[in-house]
Amino acid sequence: QAPSTTIFYQRQLLFSQILKPISGDRIQQTGSPQHQAFQWIVKHDPAQLDPSTTNSSSQIKQRYVLMVIYFATGGPQWTNQNNFTSQFHHCDWNGNSEFDGSLGIFCNTNMSVIVLDMTQNNLVGTLPPEIGYLT
């Protein structure tokens, strides 16, 4: 295997070890929101988080769960994208830097999600069980 292919598979395995406890085998079910979120965070996330560093594990888990919600509720068709899928930290996936009633994700000082406000944002579908991870 080419070095880049080996590195990709190592990266994918590390992400799988972090995220499988949250979603189980759903991360491998093609077409599921969990699989879409897993593929996004491994291949397409512009932030390119490093799964080999322990300090990024919490951020990876929260970012993944938010992307599962995104794919499960028709995220590409949302009225306001609120920086979802951007390179910004997931705590900045909102319209403003502080929660003032605007839509999006807001975090506490520990960088943990405390508000997920997607009111009147054209969500369709079912909220996935992974949302419980954010509590």
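**Close-up 1. The crossing of helices H2 and H3 in a predicted model**.
The axes of H2 and H3 come within 8 Å of one another and cross at roughly 130 degrees, where axes are lines fitted to C-alpha atoms, for helices over the stretch in contact, and angles run from 0 to 180 degrees between N-to-C directions. That angle makes H2 oblique to H3, since angles under 35 degrees count as roughly parallel, over 145 as roughly antiparallel, 65 to 115 as roughly perpendicular and the rest as oblique. Helices (H or I, at least four residues) and strands (E, at least two) are DSSP runs, numbered from the N terminus. H2 passes H3 in a right-handed crossing; a crossing is left-handed if the near helix is turned anticlockwise from the far one by less than a right angle, and right-handed if clockwise. This is a predicted model, in which local features need pLDDT of at least 70 and side-chain atom pairs count only at pLDDT 80 or more, while totals for chains, interfaces and linings use all residues. Residues are numbered from 1 along each chain as its sequence is written, and side-chain values use heavy atoms, with hydrogens and water left out.

**Close-up 2. The residues that meet between H2 and H3**.
From H2, Pro-33, Gln-34, Gln-36, Ala-37, Phe-38, Trp-40 and Ile-41 meet Ile-60, Arg-63, Tyr-64, Met-67, Val-68, Phe-71 and Ala-72 of H3, contact meaning heavy atoms within 4.5 Å. The residues of this contact divide into 11 nonpolar, two polar and one charged, where Ala, Val, Leu, Ile, Met, Phe, Trp, Tyr, Cys and Pro count as nonpolar, Asp, Glu, Lys and Arg as charged, and the others, Gly among them, as polar.

**Close-up 3. Arg-63 and its salt bridge with Asp-45**.
The side chains of Arg-63 and Asp-45 meet in a salt bridge, with 2.7 Å from N to O; a salt bridge is a side-chain nitrogen of Lys or Arg within 4 Å of a carboxyl oxygen of Asp or Glu. The pair links distant parts of the chain, with Asp-45 in the loop between H2 and helix H3 (57-72) and Arg-63 in helix H3, 18 residues apart. Both Asp-45 and Arg-63 are buried, and for Arg-63 the relative accessible area is 0%; buried means under 20% relative accessible area, exposed over 50%, and partly exposed in between (1.4 Å probe, protein chains only). Not counting residues up to four places away in sequence, Arg-63 touches several residues besides Asp-45, including Trp-40, Ile-41, Phe-88, His-89, His-90 and Trp-93.

Arg-26 lies in the loop between helix H1 (3-23) and helix H2 (33-44) and Glu-130 in the segment after strand S2 (113-117), so the pair ties together parts that are 104 residues apart in sequence. Arg-26 is partly exposed at 29% relative accessibility, whereas Glu-130 is buried at 2%.

**Close-up 4. Pro-51 and Asn-55 in the loop between H2 and H3**.
Pro-51 lies in this loop and is buried at 10% relative accessibility. Although Pro-51 and Arg-11 are 40 residues apart in sequence, they are 6.9 Å apart in space, C-alpha to C-alpha. Leaving aside neighbours within four places in sequence, Pro-51 is in contact with Arg-11, Leu-14, Phe-15, Ile-18, Ser-56 and Ile-60. Asn-55 has its place in the loop between H2 and H3 and is exposed at 68% relative accessibility; Asn-55 and Thr-30 are 25 residues apart in sequence and 29 Å apart in space, C-alpha to C-alpha.

**Close-up 5. Asn-82 and Thr-85, with positive phi**.
Most residues other than glycine have a negative phi. Asn-82, which is not a glycine, has a positive phi of about 50 degrees, and Thr-85, which is not a glycine, has a positive phi of about 70 degrees. Asn-82 is placed in the loop between H3 and strand S1 (104-107), and Thr-85 lies in the loop between H3 and S1. Asn-82 is buried at 4% relative accessibility, whereas Thr-85 is partly exposed, with a relative accessible area of 27%.
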